[in-house]
Amino acid sequence: MIMDKHVFNVNINWTRDRKGMMCSPELHKKETNETNCIEVATPPQFSSGIPNIWSPEHLFTAAVSSCLMTTFLAIAENSKLEFLSF
């Protein structure tokens, strides 16, 4: 089986210290044409880490969790499964 090619563009730029700004040209607010960006940093568990900012570890865990949720939603929809929450 041949799958279609999927491309997801992400740009990341260092801002200062151990922080950067991660954006995607594909994700923007249509009404203002403003780019939807996320500030990212080293987590506080590591040397010179910064609290209260998305870290690669948060983003990885969020990616796995959101993949599980969207897979469940697709299977539930295709199976006509009714549910109250996830």
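Helices and strands are taken here as DSSP runs, with a helix needing at least four residues and a strand at least two, numbered from the N terminus. The structure is a predicted model. On this basis, strands S2 and S3 each contribute at least two residues to the lining of the largest pocket.

The strand arrangement was examined first. Strand S1 covers residues 11-16 and pairs with S2 in the antiparallel sense over five bridges. S1 lies largely in the open, because the number of buried residues among its six is zero.

S2 also pairs with strand S3, which spans residues 34-41; this pairing is antiparallel and runs over seven bridges. Lys29 has Glu34 of S3 as its bridge partner. Four residues separate the strands in the hairpin of S2 and S3, where Asn33 takes a positive phi near 60 degrees.

The side chain of Lys19 makes a polar contact, at 3.5 Å, with the side chain of Glu39. When residues up to four places away in sequence are set aside, Lys19 touches Trp14, Glu39, Val40, Ala41, Ile50 and Ile53.

Gly20 is likewise part of S2. With a relative accessibility of 5%, Gly20 counts as buried. Leaving out residues up to four places away in sequence, the contacts of Gly20 are with Asn13, Trp14, Thr15, Ile38, Glu39 and Val40. Gly20 and Ala41 are separated by 21 residues in sequence, while their C-alpha atoms are 6.3 Å apart in space.

Ser24 is a further residue of S2, the strand that comprises residues 19-29. At a relative accessibility of 6%, Ser24 is counted as buried. A polar atom of the Ser24 side chain lies 2.6 Å from the backbone oxygen of Asn9. Asn9 is also among the residues that Ser24 touches, together with Val10, Thr35 and Asn36, again not counting residues up to four places away in sequence.

The largest pocket was then described. The space in this pocket amounts to about 200 Å³. Its lining consists of Phe8, Asn9, Val10, Met22, Cys23, Ser24, Glu26, Leu27, Asn36, Cys37 and Ile38. S2 provides the largest share of the lining, with five residues. By residue class, the lining divides into seven nonpolar residues, three polar residues and one charged residue.

Although Ser48 is not a glycine, its phi is positive, at about 60 degrees. Asn52 is found in the loop between S3 and H1 as well. The phi of Asn52 is near 65 degrees, which is a positive value in a residue other than glycine. The relative accessibility of Asn52 is 82%, and the cut-off for an exposed residue is over 50%; Asn52 is therefore exposed.

Notes:
Residues are numbered from 1 along each chain as its sequence is written. This is a predicted model: local features need pLDDT of at least 70, side-chain atom pairs count only at pLDDT 80 or more; totals for chains, interfaces and linings use all residues. Side-chain values use heavy atoms; hydrogens and water are left out. Buried means under 20% relative accessible area, exposed over 50%, partly exposed in between (1.4 Å probe, protein chains only). A polar contact is a pair of N or O atoms within 3.5 Å; within protein, one must be able to donate a hydrogen and the other to accept it, and residues adjacent in sequence count only if both atoms are side-chain atoms. Contact means heavy atoms within 4.5 Å. Two strands pair if DSSP finds at least two bridges between them. On a 1 Å grid over the protein atoms alone, a cavity is a set of points where a 1.4 Å probe fits but cannot get out, and a pocket is an open set with protein on both sides within 12 Å along at least five of seven lines; lining residues have an atom within 4 Å of a point. Grid points are joined across faces, edges and corners, and a volume is the space filled by probe spheres set on the points. Ala, Val, Leu, Ile, Met, Phe, Trp, Tyr, Cys and Pro count as nonpolar, Asp, Glu, Lys and Arg as charged, and the others, Gly among them, as polar.
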